[in-house]
Amino acid sequence: MASLAAALARRHGVDPRRAALAGWLHDWLKPWPAARLRRLLSRYHEPLDAPTRRLPVLWHGPAAAAWARNALGVRDRGVLDAVRWHTTGRPGMTALDRIVFIADSAAADRTFPEARVTRRLAARDLGLATRYALASKLAWLWSRGTRPHPEALAAWSREAVRTTRA
Ligand SMILES: [Fe+2]
(Lines give C-alpha, C1' and ligand atoms only; values in the text may rest on other atoms or scores of the structure.)
Protein backbone atom coordinates (compact mmCIF):
# COMPACT_ATOMS: atom_id res chain seq x y z
CA MET A 1 0.00 0.00 0.00
CA ALA A 2 3.04 2.27 0.25
CA SER A 3 2.90 3.17 -3.44
CA LEU A 4 -0.80 4.11 -3.32
CA ALA A 5 -0.18 6.14 -0.15
CA ALA A 6 2.65 8.06 -1.82
CA ALA A 7 0.58 8.67 -4.97
CA LEU A 8 -2.38 9.96 -2.95
CA ALA A 9 -0.05 12.20 -0.94
CA ARG A 10 1.40 13.74 -4.11
CA ARG A 11 -2.10 14.33 -5.47
CA HIS A 12 -3.37 16.01 -2.31
CA GLY A 13 -0.38 18.12 -1.31
CA VAL A 14 0.91 15.95 1.54
CA ASP A 15 4.62 15.05 1.84
CA PRO A 16 4.85 11.80 -0.15
CA ARG A 17 7.94 10.71 1.82
CA ARG A 18 5.92 10.63 5.05
CA ALA A 19 3.09 8.71 3.35
CA ALA A 20 5.53 6.25 1.78
CA LEU A 21 7.28 5.74 5.13
CA ALA A 22 3.93 5.01 6.83
CA GLY A 23 3.00 2.64 4.01
CA TRP A 24 6.35 0.88 4.09
CA LEU A 25 6.22 0.37 7.86
CA HIS A 26 2.75 -1.10 7.44
CA ASP A 27 3.69 -3.34 4.53
CA TRP A 28 6.73 -4.71 6.35
CA LEU A 29 4.77 -6.03 9.33
CA LYS A 30 1.43 -6.81 7.70
CA PRO A 31 2.38 -10.40 6.72
CA TRP A 32 3.69 -11.29 10.18
CA PRO A 33 1.71 -13.97 12.03
CA ALA A 34 -0.22 -12.90 15.13
CA ALA A 35 2.16 -14.67 17.55
CA ARG A 36 5.15 -12.74 16.19
CA LEU A 37 3.26 -9.45 16.38
CA ARG A 38 2.26 -10.24 19.97
CA ARG A 39 5.91 -10.87 20.92
CA LEU A 40 6.94 -7.57 19.35
CA LEU A 41 4.18 -5.67 21.15
CA SER A 42 5.17 -7.15 24.47
CA ARG A 43 8.91 -6.54 23.89
CA TYR A 44 8.17 -2.82 23.46
CA HIS A 45 5.57 -2.75 26.26
CA GLU A 46 3.02 -1.44 23.78
CA PRO A 47 -0.38 -1.40 25.47
CA LEU A 48 -3.43 -2.48 23.49
CA ASP A 49 -6.98 -1.57 24.42
CA ALA A 50 -9.33 -4.48 25.08
CA PRO A 51 -11.14 -4.41 21.70
CA THR A 52 -7.79 -4.44 19.87
CA ARG A 53 -6.50 -7.31 22.03
CA ARG A 54 -9.50 -9.38 20.93
CA LEU A 55 -8.88 -8.78 17.20
CA PRO A 56 -5.44 -9.96 15.97
CA VAL A 57 -6.26 -8.52 12.53
CA LEU A 58 -5.70 -5.07 14.11
CA TRP A 59 -2.31 -5.83 15.70
CA HIS A 60 -0.08 -4.98 12.75
CA GLY A 61 -0.90 -1.24 13.07
CA PRO A 62 0.19 -0.73 16.70
CA ALA A 63 3.04 -3.22 16.21
CA ALA A 64 4.39 -1.35 13.17
CA ALA A 65 4.20 1.96 15.06
CA ALA A 66 5.99 0.48 18.11
CA TRP A 67 8.66 -1.14 15.94
CA ALA A 68 9.22 2.09 14.01
CA ARG A 69 9.62 4.14 17.19
CA ASN A 70 11.71 1.68 19.20
CA ALA A 71 13.78 -0.20 16.64
CA LEU A 72 14.10 2.35 13.83
CA GLY A 73 14.01 5.60 15.81
CA VAL A 74 11.14 7.12 13.83
CA ARG A 75 10.05 10.23 15.74
CA ASP A 76 7.43 11.64 13.35
CA ARG A 77 4.31 11.46 15.52
CA GLY A 78 2.01 11.99 12.53
CA VAL A 79 3.51 9.00 10.72
CA LEU A 80 3.40 6.81 13.83
CA ASP A 81 -0.24 7.69 14.55
CA ALA A 82 -1.29 7.19 10.92
CA VAL A 83 0.21 3.69 11.02
CA ARG A 84 -1.22 2.85 14.42
CA TRP A 85 -4.80 3.85 13.56
CA HIS A 86 -4.87 2.95 9.87
CA THR A 87 -7.23 -0.02 10.27
CA THR A 88 -9.93 1.60 12.37
CA GLY A 89 -9.57 5.28 11.61
CA ARG A 90 -10.03 7.70 14.50
CA PRO A 91 -11.91 10.92 15.17
CA GLY A 92 -10.29 14.04 13.74
CA MET A 93 -8.20 12.26 11.15
CA THR A 94 -5.37 14.28 9.59
CA ALA A 95 -4.79 14.26 5.83
CA LEU A 96 -1.96 11.73 6.38
CA ASP A 97 -4.27 9.56 8.53
CA ARG A 98 -6.83 9.59 5.71
CA ILE A 99 -4.26 8.72 3.08
CA VAL A 100 -2.94 5.72 5.02
CA PHE A 101 -6.45 4.57 5.94
CA ILE A 102 -7.58 4.79 2.30
CA ALA A 103 -4.40 3.19 0.95
CA ASP A 104 -5.00 0.25 3.29
CA SER A 105 -8.72 -0.03 2.48
CA ALA A 106 -8.22 0.26 -1.26
CA ALA A 107 -4.73 -1.09 -2.04
CA ALA A 108 -4.31 -2.47 -5.55
CA ASP A 109 -4.51 -6.08 -4.34
CA ARG A 110 -7.99 -5.49 -2.94
CA THR A 111 -10.33 -6.47 -5.73
CA PHE A 112 -13.76 -6.07 -4.11
CA PRO A 113 -15.98 -3.37 -5.68
CA GLU A 114 -15.82 -1.03 -2.67
CA ALA A 115 -12.03 -0.84 -3.00
CA ARG A 116 -12.35 0.26 -6.64
CA VAL A 117 -14.89 2.93 -5.70
CA THR A 118 -12.68 4.14 -2.83
CA ARG A 119 -9.69 4.46 -5.21
CA ARG A 120 -11.79 6.50 -7.65
CA LEU A 121 -13.16 8.79 -4.92
CA ALA A 122 -9.71 9.25 -3.37
CA ALA A 123 -8.35 10.69 -6.58
CA ARG A 124 -10.79 13.61 -6.14
CA ASP A 125 -11.66 13.97 -2.47
CA LEU A 126 -9.88 12.45 0.55
CA GLY A 127 -12.75 13.22 2.92
CA LEU A 128 -15.38 11.63 0.72
CA ALA A 129 -13.20 8.56 0.12
CA THR A 130 -12.59 8.24 3.88
CA ARG A 131 -16.31 8.39 4.64
CA TYR A 132 -17.10 5.86 1.91
CA ALA A 133 -14.36 3.43 3.01
CA LEU A 134 -15.34 3.75 6.66
CA ALA A 135 -19.04 3.19 5.93
CA SER A 136 -18.20 0.18 3.75
CA LYS A 137 -15.99 -1.31 6.45
CA LEU A 138 -18.60 -0.84 9.18
CA ALA A 139 -21.35 -2.30 6.98
CA TRP A 140 -19.14 -5.33 6.22
CA LEU A 141 -18.36 -5.92 9.89
CA TRP A 142 -22.01 -5.60 10.92
CA SER A 143 -23.09 -7.95 8.12
CA ARG A 144 -20.79 -10.58 9.67
CA GLY A 145 -22.00 -9.95 13.21
CA THR A 146 -18.64 -8.45 14.23
CA ARG A 147 -18.65 -5.49 16.59
CA PRO A 148 -16.47 -2.68 15.16
CA HIS A 149 -13.66 -1.18 17.20
CA PRO A 150 -14.91 1.85 19.21
CA GLU A 151 -12.42 4.13 17.44
CA ALA A 152 -13.99 3.19 14.09
CA LEU A 153 -17.43 4.09 15.44
CA ALA A 154 -16.10 7.34 16.89
CA ALA A 155 -14.44 8.12 13.56
CA TRP A 156 -17.71 7.47 11.77
CA SER A 157 -19.66 9.73 14.17
CA ARG A 158 -17.25 12.56 13.42
CA GLU A 159 -17.25 11.86 9.67
CA ALA A 160 -21.06 11.67 9.57
CA VAL A 161 -21.23 15.21 10.96
CA ARG A 162 -18.97 16.31 8.10
CA THR A 163 -21.26 14.56 5.63
CA THR A 164 -24.41 16.29 6.87
CA ARG A 165 -22.65 19.67 6.72
CA ALA A 166 -21.29 19.10 3.22
FE1 LIG B 1 -3.32 -2.83 7.42
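Start with the largest pocket: 25 residues line it, and Thr87, Arg110, Lys137, Trp140 and Leu141 lie nearest its centre. Helices H7 (95-105), H8 (113-124) and H9 (126-143) each give two or more residues to that lining. H9 gives the most, with five residues. By class, the pocket lining has ten nonpolar, eight polar and seven charged residues. The space in the largest pocket is about 680 Å³.

Terms, quickly. On a 1 Å grid over the protein atoms alone, a pocket is an open set of points with protein on both sides within 12 Å along at least five of seven lines; a cavity is a set where a 1.4 Å probe fits but cannot get out; lining residues have an atom within 4 Å of a point.

This is a predicted model: local features need pLDDT of at least 70, side-chain atom pairs count only at pLDDT 80 or more, and totals for chains, interfaces and linings use all residues. Numbering runs from 1 along each chain as its sequence is written, and side-chain values use heavy atoms, with hydrogens and water left out.

Next, cavities. One reaches 30 Å³ or more.

Now the fold. The chain has ten helices and zero strands (DSSP runs: H or I, at least four residues; E, at least two). The C-alpha trace spans about 45 × 35 × 30 Å along its principal axes. Buried residues, under 20% relative accessible area with a 1.4 Å probe, make up 46% of the 166.

Key
Grid points are joined across faces, edges and corners, and a volume is the space filled by probe spheres set on the points. Ala, Val, Leu, Ile, Met, Phe, Trp, Tyr, Cys and Pro count as nonpolar, Asp, Glu, Lys and Arg as charged, and the others, Gly among them, as polar. Buried means under 20% relative accessible area, exposed over 50%, partly exposed in between (1.4 Å probe, protein chains only).
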